There are 4 protein chains.
Amino acid sequence: MKSKFPKLAADLASVSRGFYQRGWVLGTSGNFSAVLSREPLRLAITSSSVDKGELAADHILQIDESGDVLEGGGRPSAETLLHLAVVRLRGAGAVLHTHSVWSNILSDAYAADGGFSIEGYEMLKGLEGVSTHEHREWLPIIENSQDMSRLARSVEDALRRRPDAHGFLLRRHGLYTWGKDLAEAKRHVEILEFLLEVLGRKHCALK
Amino acid sequence: MKSKFPKLAADLASVSRGFYQRGWVLGTSGNFSAVLSREPLRLAITSSSVDKGELAADHILQIDESGDVLEGGGRPSAETLLHLAVVRLRGAGAVLHTHSVWSNILSDAYAADGGFSIEGYEMLKGLEGVSTHEHREWLPIIENSQDMSRLARSVEDALRRRPDAHGFLLRRHGLYTWGKDLAEAKRHVEILEFLLEVLGRKHCALK
Amino acid sequence: MKSKFPKLAADLASVSRGFYQRGWVLGTSGNFSAVLSREPLRLAITSSSVDKGELAADHILQIDESGDVLEGGGRPSAETLLHLAVVRLRGAGAVLHTHSVWSNILSDAYAADGGFSIEGYEMLKGLEGVSTHEHREWLPIIENSQDMSRLARSVEDALRRRPDAHGFLLRRHGLYTWGKDLAEAKRHVEILEFLLEVLGRKHCALK
Amino acid sequence: MKSKFPKLAADLASVSRGFYQRGWVLGTSGNFSAVLSREPLRLAITSSSVDKGELAADHILQIDESGDVLEGGGRPSAETLLHLAVVRLRGAGAVLHTHSVWSNILSDAYAADGGFSIEGYEMLKGLEGVSTHEHREWLPIIENSQDMSRLARSVEDALRRRPDAHGFLLRRHGLYTWGKDLAEAKRHVEILEFLLEVLGRKHCALK
């Protein structure tokens, strides 16, 4: 287990700096995790309030299944409970959370519907298990909250109600997505952020 | 022939990383090829499902005229048949396929018309054989499909109906363009993506 | 005191180049300062009319509480009085001023209201002292002027009227924000610029 | 004179690569020049059809007052006559020409008016000789043409009619601006491109 930590921490830091360049994790927003082991559950996770453009491997903590820090300095992200919920319910190997302009706009615009569907785009095929652009992806929107236990329960409910969802939005907050490993989770971020931008801009561009 | 492969593979990888920075090939989308020889036909082509921001020369395969891999590991892109169709019908030396936000929006908005024209822009002069901004470029839109043989036939039909076209759009999918060599194909991507952005934004900006 | 100057100057230059990449300080616009000491008051501040993409540590001056240069070549920014006003009234350790597209558009659109509020976004939590997205941030808009003494008084008035504000806009000019240190001020720039972009785009995207 | 050429060529190449990153000179578009000497008139100018993201010092030619090449390989830009016209009528030390999305959109939208004014923005103060945001800058729009002698005359007419203009737009083509040296010309590009983006987006953002 220990041997996986330095490599995963470096990979998380690299993903972080790339997302920062795209403006998806400005102002210390966003947090990222990857599973180090399942039995017992151990996560590598970004520490709280770090500049994501300068994230380095030593800003990554190792935590246990309760979110307690086993290795590394600093506090784990306030949203650690959400990461743990996704890992448990989806068997994810990595969980990535971004704050983009378009996720903020669309999560607010469709909040009353509890989510929205994305359908007919080739880019959807990059989501794990999707083999055609005719796929209909439902992206749940969860009302934001500062009560992390309550928010974690809302996330768990949404994940159970939508077993096929590849991600979800927190309203006026951002995107959560995941994958069996960090590369897949990164791919899912790029795909969903791309599709959010397409949906956001198309209303403007042509009517 | 062998001597051309390492250089072309490195050049394809360099183009790929540049397009990734612009957000044109997110989420492992997009694929790129260049002709190594014509008799027999040999292509250097990106392998499937690679992160285009980390594409390296060893992610490039050598394939024959049937799309079978002669050198390199991994599967060739699922859209290899489209690359081969463009090479054969246009005599192209390189074929580049990008997934941009604006190509997704415009290929959908004008799908019922089967394409749209771009006219009057100086940037059009960068397209091979175009010597004035008064040029009228028709950009065909082809309905997307997961049946690659059928999609390849649709592409061939479009290329034959529009012998002057410098590229085409797959609906809600992306842009294909090509050139006599990689530099010309890259230039065509930049020109067409630029013009798509102009057309997409102008509806919004001023009315 | 002298020992802090080289490090702060290098940090200011690094922040400057990052903001330039994002297009927030084009055309030599923008200016940045950080407090070297409070008794007596000493500021490190960018010299006037420097390309912010090429800002180096030796473009940073040391000034006293009147804005007179103690160390370094060049003139201090014409807006030095505004920096000094923020430092005095807010106890700020760093003051950053950017010129973004969205701050120009929104500071003009809401000028008649004297400002606008931003409410309900998770990103607000990155502002110092804010612990919930339910926070309502009022961003004052101050009419622009070339009379720096008058503009400094307008800024002081706005800061006194809105003791909780984390920044303000100069109309058709740009954003001022600050923090207890440079890292916090940089975070505040990113957060407020992000939120300005969200507000600016949402009018367009969905209606 | 010779001693200035290598340095100016390197500086032009550096400016070029920066503008390419911003998407202002895609697809080999754009061209840049700087004066090497006035008596006799000698210009360093980009050669035609070079990828501006890979522009190197050896893609820069030295030409005389007729546009004939004195040093370097390749053809000078087709728009060399326009550069020479600006140098002669404005006494410019550098002339920069970009093709941005917003210059294409706005030069078309306001073509019937022959130009448009930009007024009230602090960013205007970065234009040489402008000391207040209350400045009113008229940006002439010139109908595009492939007849370079005719286009050069149109440019000369516009420059004479508007002796205070800091730049002009060619319709559906791009921006020309200049400065006493390359640094000033680069600053003018950034300022005018910024202001074009503000004007273009504000119609969309808020109405």
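**View 1. Salt bridges between chain D and chain B.** In this predicted model, two salt bridges are found across the interface of chain D and chain B. One of them pairs K202(B) with D108(D), whose closest N and O atoms are 3.9 Å apart. On the side of chain D that touches chain B, helix 1 (4–21), helix 3 (101–109) and helix 5 (182–205) of chain D are the elements giving two or more residues. Helix 3 of chain D supplies the largest share, seven residues. By type, this side of chain D has nine nonpolar, 14 polar and six charged residues.

**View 2. Extent of the interface of chain D and chain B.** Contacts involve 29 residues of chain D and 24 residues of chain B. The two chains bury about 2300 Å² between them, with 59% of it on carbon and sulfur atoms. Within chain D, the most area is lost to chain B by L26(D), Q146(D) and R172(D), together 27% of what that side buries.

**View 3. The open sheet of chain B.** Nine strands with mixed pairing follow the order 4-3-2-1-5-9-8-7-6. Strand 4 (69–71) and strand 6 (115–119) of chain B are the edge strands; each has a single partner strand, so one side of each lacks a neighbour in the sheet.

**View 4. Strands 1 and 5 of chain B, with a packed helix.** Strand 1 (residues 31–38) and strand 5 (residues 94–98) of chain B run antiparallel and are joined by four bridges. S33(B) has V95(B) as its bridge partner in strand 5. Helix 2 (residues 80–90) of chain B packs on the sheet, and its direction makes about 135° with that of strand 2 of chain B.

Terms used: Residues are numbered from 1 along each chain as its sequence is written. Chains are lettered from A and ligands numbered from 1 in the order in which they are written. This is a predicted model: local features need pLDDT of at least 70, side-chain atom pairs count only at pLDDT 80 or more; totals for chains, interfaces and linings use all residues. Side-chain values use heavy atoms; hydrogens and water are left out. Contact means heavy atoms within 4.5 Å. Buried area is the accessible area (1.4 Å probe) that two parts lose on being put together, summed over both. A salt bridge is a side-chain nitrogen of Lys or Arg within 4 Å of a carboxyl oxygen of Asp or Glu. Ala, Val, Leu, Ile, Met, Phe, Trp, Tyr, Cys and Pro count as nonpolar, Asp, Glu, Lys and Arg as charged, and the others, Gly among them, as polar. Two strands pair if DSSP finds at least two bridges between them. Axes are lines fitted to C-alpha atoms, for helices over the stretch in contact, and angles run from 0 to 180 degrees between N-to-C directions.
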